[in-house]
Amino acid sequence: MKLFEQPAHVLHDMLVNKEITSLELTQAVLARIDEVEGDVQAYLTITREEALAKAKAVDEKIAKGEEIAFLEGIPGAIKDNICTKGIKTTCASKILQKFVPPYDATVMQKLEAQNPVVLGKTNLDEFAMGGSTENSAYHPTCNPWNTDCVPGGSSGGSAAAVAAGTAVWALGSDTGGSIRQPASFCGVVGMKPTYGRVSRYGLVAYASSLDQIGPITKDVTDCAHILNIIAGRDEMDSTSLDVQVPDFTKALVQDVKGLKIGLPKEYFVKGMDPEVEAAVKNGVKELEKLGAEVVEISLPNTDYAISTYYLIAPAEAATNLARYDGVSYGERAEDAADLVEMMTKTRTQYLGEEVKRRIMIGNYALSAGYYDAYYLKALKVRRLVKEDYDKAFKDVDVIICPAAPSVAYKIGEKISNPLEMYLQDACTVPLNLAGLPGISVPCGYNKDKMPIGMQIIGKALDEETILRVAYTYEQSQSYHEDRAQLGGK
Amino acid sequence: MKVTKKDMENVAVLSRLSIPADKEELYTQQLSDVLEYVDNLSAVPTDDIQPMAHVLPVSNVFREDVVKESLSRELALSNAPLKDDGYFRVPKVLED
């Protein structure tokens with residue numbers, strides 16, 4: 001394997017053993033960017049000089065015989081809705097095209113303590129609203145397995161960068177599947193931790209009761225290491241949980257004997273691509289062979305999860321995005337006679353179509369006369385969705401289903417029909433509503449060699465068990481050693 | 001749920017957005033489609049169900065009220081589209 005194809009844990013050992021320098025590694029990944037970024041377009045900002053300077057500093061440290069942290073000197077990428085002090089953070093929106101955060105998100109402070117090489121900021125659907133990265137106000141990102149296809153979204157830039165070898169690791173955010181679905185489409189590992197496991201301070205808010213930051217990596221081992229770094233209570237986010245953070249790498253053991261897996265029958269129905277269903281069921285069979293017990297379960301309110309999500313998320317978005325008013329940061333439209341006209345012109349001119357659509361859905365659901373029928377109703381059904389999981393988890397340790405109902409589709413194929421796009425999120429949104437952790441691991445390909453992801457869902461704060469199941473499965477297969485070949489065009 | 005032109009105008013005002021005339025029909029149709037789809041919730045009996053705004057059983061998270069270092073005024077204003085003498089500057093709000 002080439003350097004840029006290696007996972008972080010292998011590269012860390014190579015750095016420690018002085019087989020490579022961080023500068024060599026960083027140059028190799030930057031050369032890979034030069035080679036393929038024109039086709040993949042995973043990045044919105046590349047911080048080349050800063051990356052090289054950081055790599056040199058790490059090499060000096062290693063030369064002095066100092067110990068290095070896990071991610072130290074290893075190049076990675078950050079989704080462009082996570083605030084990076086002094087580095088432009090656009091959320092792939094024109095309204096934040098010049099926004100330079102004066103502070104770091106808490107996850108960035110935690111990463112910074114590890115001294116990683118940050119290569120830049122990755123593309124996303126504007127304000128994380130979308131599942132294909134086509135809603136970026138700048139450019140689409142292409143899937144490294146077939147550049148005619150979408151990488152998924154909204155963390156499509158992060159997933160595509162890790163898959164293309166233009167980043168060793170990345171951070172994404174997941175509000176309704178935005179880490180797990182692009183990980184699935186790009187054949188990499190992506191985890192949404194339990195709501196409250198990771199601080200959201202400095203993550204530009206989309207839907208605050210659903211958003212969560214998580215790792216996108218080449219394998220499960222890297223995922224556990226990065227979760228160790230970013231997890232934990234943060235005074236700046238009152239919804240981050242004050243609970244013990246275990247060492248997640250201790251969960252990297254190959255053992256699923258006696259473990260009970262639930263297969264929700266509601267996830268394997270209408271609209272599911274048969275090749276996806278077959279690959280995920282094969283994955284479950286493999287775990288059964290390794291000693292797990294498989295039972296069919298029912299999550300009866302699954303059908304209502306999409307509706308619940310597409311009322312709650314836009315309602316929260318309508319509220320959160322009210323801050324883009326042209327006053328304290330972001331763009332401001334010119335030639336407005338008064339304050340309201342200034343705000344209206346600014347938002348109309350600088351926000352994208354999907355963002356406007358969700359703001360309007362949200363404001364409609366929250367408006368007088370409709371609040372009870374839509375927003376309040378959705379909050380009640382949200383409880384039912386969560387209670388389905390509570391009941392199921394009395395009998396099983398994990399739940400397995402696909403991370404997406406299909407493989408990556410062609411760029412432009414679904415963009416004109418918002419509702420059809422929303423229905424694509426059926427496999428992922430219920431977890432966000434219930435706050436549960438989920439991980440997507442590669443489990444095969446369709447006939448065109450497009451990756452398929454298996455989603456493993458755990459109890460609240462039980463990331464350890466889903467990591468153990470994911471690791472056991474991964475080690476029994478070789479998908480995590482495959483690399484995207486940049487086909488298409 | 002059929003969205004009327006008037007509903008659309010109202011929601012645009014609430015959203016501080018203006019809808020260009022050539023997009024009005026499309027946006028109204030798309031909003032109607034979404035509302036029609038989410039209407040499946042009306043079939044779910046929820047009379048005895050408490051709404052759940054937040055998944056965590058966490059409330060009233062307090063901390064000591066102590067003075068700490070915060071962003072300087074200059075940094076806090078660094079992204080402002082228009083500023084004046086240490087303040088954000090906006091178009092006139094009050095009538096003369």
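Two strands pair if DSSP finds at least two bridges between them. The close-ups below come from a predicted model.

**View 1. Pairing of strands S2 and S4 in chain A.** Strand S2 (residues 75–79) of chain A runs parallel to strand S4 (residues 169–174) of chain A, and 3 bridges join them. Gly76(A) has Trp169(A) of S4(A) as its bridge partner. Helix H5 (residues 156–164) of chain A packs on the sheet and touches S1, S2, S3, S4, S5 and S6 of chain A. The direction of H5(A) makes about 155 degrees with that of S4(A).

**View 2. The open sheet of chain A.** The sheet has 11 strands with mixed pairing, in the order S1-S3-S2-S4-S6-S5-S10-S11-S9-S7-S8. Strand S1 (43–46) and strand S8 (293–297) of chain A are at the edges; each has a single partner strand, so one side of each lacks a neighbour in the sheet. Direction ignored, neighbouring strands are turned by 30 degrees against each other on average.

**View 3. The side of chain A that touches chain B.** Chain A contributes 53 residues to the contact and chain B 41 residues. Helices H9, H10, H11, H12 and H13 of chain A each supply at least two residues of the chain A side. H12(A) gives the most, with 11 residues. By class, the chain A side has 28 nonpolar, 13 polar and 12 charged residues.

**View 4. Helix H11 of chain A against helix H1 of chain B.** The axes of H11(A) and H1(B) (residues 5–14) lie 9 Å apart, at an angle of about 105 degrees, which means that H11(A) is roughly perpendicular to H1(B). Met360(A), Asn363(A) and Tyr364(A) meet Val11(B), Ala12(B) and Leu14(B) in this contact.

Terms used:
Residues numbered from 1 in each chain as written. Chains lettered and ligands numbered in written order. Predicted model: local features only at pLDDT ≥ 70, side-chain atom pairs only at ≥ 80, totals over all residues. Contact = placed C-beta atoms within 7 Å. Helix = DSSP H or I, 4+ residues; strand = E, 2+ residues; numbered from the N terminus. Nonpolar A, V, L, I, M, F, W, Y, C, P; charged D, E, K, R; others polar. Axes fitted to C-alpha atoms, helices over the stretch in contact; angles between N-to-C directions. Parallel < 35°, antiparallel > 145°, perpendicular 65-115°, else oblique.
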